[in-house]
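Hi everyone, thanks for coming along.

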Amino acid sequence: MSDGPFECWEAEAILAAVEYCVYPDGNIYIGELKDLAPSGYGELNNKDGSTIKGIWENGDIDKGTIIKSNNEVYTGQLKNLKSHGVGEYIYQNKNVYRGTW
């Protein structure tokens with residue numbers, strides 16, 4: 001996530017409340033918020049086309065899924081919004097790496 005000022009809103013959807021934040025760098029978080037920080041299930045849609053999905057706590061995520069713009073997918077432990085710890089990476093050619101980052 002980016003530091004600095006950002007804007008968050010709560011908007012009523014047809015079936016549930018939708019909460020989202022738009023960060024100065026153009027990234028958008030859609031999901032549950034607590035005290036204007038991602039907390040609960042949500043996804044961060046990055047300007048580079050990647051998405052990070054999972055359970056957030058106080059604006060951070062320690063386990064989830066990263067879907068890159070080239071459709072490669074990492075699922076596992078995260079740190080600072082990157083692969084860190086035990087996880088699985090699926091490449092475009094469908095090769096799979098399971099291990100530690």
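Let me start with how the elements are named: helices (H or I, at least four residues) and strands (E, at least two) are DSSP runs, numbered from the N terminus. With that in hand, the chain reads β-β-β-β-β-β-β-β-β along the sequence, with zero helices and nine strands.

Two housekeeping notes. This is a predicted model, in which local features need pLDDT of at least 70 and side-chain atom pairs count only at pLDDT 80 or more, while totals for chains, interfaces and linings use all residues. Residues are numbered from 1 along each chain as its sequence is written, and side-chain values use heavy atoms, with hydrogens and water left out.

Now the overall picture. I'll say buried for under 20% relative accessible area, exposed for over 50%, and partly exposed in between, with a 1.4 Å probe and protein chains only. Of the 101 residues in the chain, 33% are buried. The chain exposes about 6,700 Å², and carbon and sulfur atoms supply 51% of that area; accessible areas here come from the Shrake-Rupley method with a 1.4 Å probe, and for residues only the protein chains shown count as cover. A contact, for me, is heavy atoms within 4.5 Å. Among contacts between residues at least 6 apart in sequence, 7% join residues at least 24 apart.

So what sits inside? In soluble globular proteins, nonpolar side chains tend to be buried together. I call a nonpolar core a set of buried Ala, Val, Leu, Ile, Met, Phe, Trp, Tyr and Cys residues joined through side-chain atoms within 4.5 Å. The largest one here has 13 residues, and those with the most contacts inside it are Tyr29, Leu44, Ile52, Trp56, Ile61, Leu78 and Leu81. Strands E3 (28-34), E5 (51-57), E6 (60-67) and E7 (73-79) each supply at least two residues of this core. Take Ile61: leaving aside neighbours within four places in sequence, Ile61 is in contact with Ile52, Lys53, Gly54, Ile55, Trp56, Leu78 and Leu81.

Gly54, one of those partners of Ile61, is in strand E5 and counts as buried because its relative accessibility is 10%. Beyond four places in sequence, Gly54 meets Gly40, Tyr41, Gly42, Ile61, Lys63 and Gly64. The C-alpha atoms of Gly54 and Leu44, ten residues apart along the chain, are separated by 9.1 Å.

Let's move to Ser39, in strand E4 (residues 37-45). Is Ser39 buried or exposed? Its relative accessibility is 13%, so Ser39 counts as buried. A polar atom of the Ser39 side chain lies 3.1 Å from the backbone nitrogen of Asn58.

Next, Thr75 in strand E7, which is partly exposed at 39% relative accessible area. Not counting residues up to four places away in sequence, Thr75 touches Gly64, Thr65, Gly87 and Glu88. The C-alpha atoms of Thr75 and Gly64 are 5.7 Å apart, although the two residues are eleven places apart along the chain. The side chains of Thr75 and Thr65 make a polar contact of 3.3 Å. By polar contact I mean a pair of N or O atoms within 3.5 Å; within protein, one must be able to donate a hydrogen and the other to accept it, and residues adjacent in sequence count only if both atoms are side-chain atoms.

Arg98 pairs with Glu88, with the closest N and O atoms 2.7 Å apart. Arg98 is in strand E9 (residues 96-100) and Glu88 in strand E8 (residues 82-90), so the pair ties together parts ten residues apart in sequence. Arg98 is exposed at 60% relative accessibility, whereas Glu88 is partly exposed at 25%.

Last stop, the loops. Most residues other than glycine have a negative phi. Asn80, in the loop between E7 and E8, has a positive phi near 55 degrees, and Lys94, in the loop between E8 and E9, has one near 75 degrees. Asn80 is exposed at 58% relative accessibility, and Lys94 is exposed at 65%.

That's my tour, and I'm happy to take questions!

Note on methods
A salt bridge is a side-chain nitrogen of Lys or Arg within 4 Å of a carboxyl oxygen of Asp or Glu.
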